[in-house]
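I opened this notebook page to record what I looked up in the model, one topic at a time. The entries below follow the order in which I went through them.

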Amino acid sequence: MERLIEIVNGIPTYNGKECHYDIGLTAGEMTSSAAREVMTRLAAYEDTGLEPEEIQEAVDLFPWEDADIPVELKKWVERGTWHVRRCNEYSKKLQAYRASGLTPDKLPRAAELVKADEEGLCAVLPCEVGTTVYYPFCGRILEKTVTAYRRMFDARTGVPDIEWWYELNGDQGETMDEDLIGKTIFLTRAEAEAALADK
């Protein structure tokens, strides 16, 4: 870096591109463009937020005589910046992990579920076994209990279909199609009563 200011006989002197004298210019002799150049450099330094003592501490990390301090500092900053970025990446991943609510003992099961989902073997069910469902029928609201859920298979190939059916009241012949939930079958009595009132 080319210096703009040097101390000569205890006096700060300007030696930038606007200086045409070997001994430099004092503050009172500087032109407005020279002052602007110095202020721009000062602003860039102040943007670092570092005090001179803190910068000197970094310089002192390279005590050998032939050390090119600016080059060494640049390498040091580049390495530090790389590590900070990596730490930020890991920090974001850690925050996402914590937000998931998973604990280390649950990770193997979570991995199994992710794999099953990728293979199309997972489904998010709207209700669980034991849930009471309600549906309007002939002016009344009937109640049924979900006793099992089954995945339909293609009878010809034996390959699972993507649809799930719900067995009601322990009768395999009485099932509920998931697509009907919220339309003709409801998970709360209030919803069923509202649907019945609309008819």
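Before reading any accessibility, I wrote down the cut-offs: a residue is buried when its relative accessible area is under 20%, exposed when that value is over 50%, and partly exposed in between. I also noted that this is a predicted model, and I read every entry below with that in mind.

Entry on cysteines. I looked up C87 and found a relative accessible area of 52%, and because exposed means over 50%, C87 counts as exposed. I then turned to C138, which has a relative accessibility of 67% and therefore also falls in the exposed class. How many disulfides does a search of the whole structure find? The search of the whole structure returned zero disulfides. For my own reference, a disulfide is a covalent bond between the sulfur atoms of two cysteines.

Entry on the backbone at C138. I noted that C138 has a positive phi of about 50°, although C138 is not a glycine. I located C138 in the loop between β3 (132-137) and β4 (140-153).

Entry on salt bridges. I searched the whole structure and recorded three salt bridges, which I then took up one by one.

E89 and R86 are three residues apart in helix α3 (residues 69-100), so about one helical turn separates them. For accessibility I wrote down 41% for E89, which is partly exposed, and 31% for R86, which is partly exposed as well.

I went on to E112 and R109, whose side chains meet in a salt bridge at 3.1 Å, N to O. These residues lie in helix α4 (residues 107-118), and because E112 and R109 are three residues apart there, they are separated by about one helical turn. I read a relative accessibility of 46% for E112, which makes this residue partly exposed.

Which parts of the chain does the salt bridge between R189 and E143 link? The side chains of R189 and E143 meet at 2.5 Å, N to O, and this pair links distant parts of the chain, with R189 in helix α5 (residues 189-198) and E143 in strand β4, 46 residues apart.

Entry on surface patches. I looked for charge and found that E51, E53, E54, E57 and D60 gather in a patch of negative charge on the surface. Taking E54 as one of its members, I placed E54 in helix α2 (residues 52-59) and read a relative accessible area of 37%, so E54 is partly exposed.

I then looked for nonpolar surface and found a patch of about 290 Å², made by L61, W76 and V77. Of this group I checked V77, which is found in helix α3 and is partly exposed, with a relative accessible area of 46%.

Methods. Residues are numbered from 1 along each chain as its sequence is written. This is a predicted model: local features need pLDDT of at least 70, side-chain atom pairs count only at pLDDT 80 or more; totals for chains, interfaces and linings use all residues. Side-chain values use heavy atoms; hydrogens and water are left out. Patches are made of residues with over 30% relative accessible area and no salt bridge: like charges are joined within 9 Å, nonpolar side chains (Val, Leu, Ile, Met, Phe, Trp, Tyr) within 5 Å. Accessible areas come from the Shrake-Rupley method with a 1.4 Å probe; for residues, only the protein chains shown count as cover. A salt bridge is a side-chain nitrogen of Lys or Arg within 4 Å of a carboxyl oxygen of Asp or Glu. Lys and Arg count as positive and Asp and Glu as negative; His and the chain ends are not counted. The place of a charge is taken as NZ of Lys, CZ of Arg, CG of Asp or CD of Glu. Helices (H or I, at least four residues) and strands (E, at least two) are DSSP runs, numbered from the N terminus. Buried means under 20% relative accessible area, exposed over 50%, partly exposed in between (1.4 Å probe, protein chains only). A disulfide is a pair of cysteine sulfur atoms within 2.5 Å.
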